[in-house]
Amino acid sequence: MKVVILAGGYGTRLSEETEVLPKPMIEIGGRPLLWHLMKSFSQHGYNEFVVALGYKGDVIKRYFMHYADTSSDLKIDLATGKTERQGDPTEDWKIELVDTGPDTMTGGRLRRLRGHLDSTFVMTYGDGLSTVDVPKLVSFHRAHGKPATVTAVRPPSKFGMLQLDGTTVNAFAEKPPEASSFINGGFFVLEPEVIDRIAGDNMPWEREPCESLARDGKLEAYVHDGYWQCVDTLHELRLLRNAWDDGEAPWKIWS
């Protein structure tokens with residue numbers, strides 16, 4: 001099963017980082033965010049990727065074109081120019097890097113990938129990490145028999161909660177999200193037929209396509225109560241970097 005990753009946005013709210021890099025290439029622990037995402041998928045057995053490129057897509061292309069060399073030991077003969085990689089390939093990934101245009105919206109990017117997708121596929125965004133159990137998500141999708149499944153997550157709270165005893169604070173903790181509040185956490189499982197609901201490049205996937213699937217009763221929600229973190233701001237990026245540096249990155253399921 002192929003995994004589609006939308007990786008073409010401008011990342012304007014992270015302009016300090018994205019002036020020279022596309023957002024999925026911002027590094028966490030010396031590796032791009034995109035690598036962390038793909039690595040987590042591969043640990044679940046998903047090794048075929050279709051990456052929708054846009055803004056600074058050439059940076060992503062160059063990274064993977066030279067990935068085997070930069071991730072391996074090399075033996076170089078300077079006299080002849082011969083280079084020999086030593087050791088086994090670091091990752092068993094098959095990657096299609098597809099230019100979907102710098103200004104194309106999320107739905108339009110998916111529409112441009114139609115020729116690459118002929119069976120059930122997973123789709124997500126290249127700017128977030130999670131502990132979603134992808135095989136369980138796929139099994140859920142198949143069990144419900146609908147053309148689209150979205151992962152529903154509770155958004156992390158931005159405010160702390162005070163518990164008061166009169167005017168004395170006796171507890172201070174992160175405010176738990178409301179039990180009924182869910183947002184789109186990415187991590188879709190889709191049938192190719194849903195792409196027909198996307199009219200053109202200017203259509204966001206999250207608007208008319210998803211809204212029409214919901215109206216028609218063809219969009220199922222898989223509830224994920226575990227770790228989920230998008231990267232829209234410098235604060236959120238620091239959360240991921242700090243978690244990695246502290247050895248407490250929940251998405252790291254590899255040794």
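This is a short tour of a predicted model, stop by stop.

Residues are numbered from 1 along each chain as its sequence is written, and side-chain values use heavy atoms, with hydrogens and water left out. Because the model is predicted, local features need pLDDT of at least 70 and side-chain atom pairs count only at pLDDT 80 or more, while totals for chains, interfaces and linings use all residues.

**Stop 1: Thr124**

Select Thr124, which lies in strand S8 (residues 121-125). Strands (E, at least two residues) and helices (H or I, at least four) are DSSP runs, numbered from the N terminus. Thr124 is buried, with a relative accessible area of 2%. Buried here means under 20% relative accessible area, exposed over 50%, and partly exposed in between (1.4 Å probe, protein chains only). Now show what Thr124 touches, leaving out residues up to four places away in sequence: Val4, Ile5, Leu6, Leu37, Phe41, Gly186 and Phe187. A contact means heavy atoms within 4.5 Å.

**Stop 2: helix H2**

Leu37 and Phe41 from that list are also among the buried residues of H2. Select residues 33-43 to see helix H2, where 10 of the 11 residues are buried. The buried set includes Trp35, His36 and Lys39. Just after H2, go to Gly45, which takes a positive phi of about 95°.

**Stop 3: salt bridges**

Side chains of opposite charge can pair when their charged atoms come close. The whole structure holds 14 salt bridges, each defined as a side-chain nitrogen of Lys or Arg within 4 Å of a carboxyl oxygen of Asp or Glu.

Select Lys23 and Asp232, whose side chains meet in a salt bridge at 3.3 Å, N to O. Lys23 is in the loop between helix H1 (15-18) and strand S2 (27-28), and Asp232 is in the loop between strand S16 (228-230) and helix H8 (234-245), so the pair ties together parts 209 residues apart in sequence. Lys23 is buried, with a relative accessible area of 10%.

Next, select Arg112 and Asp201, a salt bridge at 2.5 Å, N to O. Arg112 is in helix H5 (residues 106-112) and Asp201 in the loop between strand S14 (188-190) and helix H7 (208-215), 89 residues apart. Arg112 is partly exposed at 40% relative accessible area, and Asp201 is partly exposed at 27%.

**Stop 4: aromatic rings**

A search of the whole structure finds 15 aromatic pairs. Rings of Phe, Tyr and Trp (its six-membered ring) pair if their centres lie within 6.5 Å; planes under 30 degrees apart count as stacked, over 60 as edge-to-face and the rest as tilted.

Select Tyr63 and Phe64: this pair is edge-to-face, 5.0 Å centre to centre with 80° between the planes. Phe64 is buried, at 13% relative accessibility. Tyr67 and Trp93 have ring centres 6.4 Å apart and planes at 20°, so this pair is stacked. Tyr67 is in helix H4 (residues 67-70) and Trp93 in the loop between strand S6 (82-86) and strand S7 (94-99). Both Tyr67 and Trp93 are buried.

Finally, select Phe41, Phe49, Tyr63, Phe64, Tyr67, Trp93 and Phe187 together, which form one aromatic cluster. Phe41 and Phe187 are among the residues that Thr124 touches.
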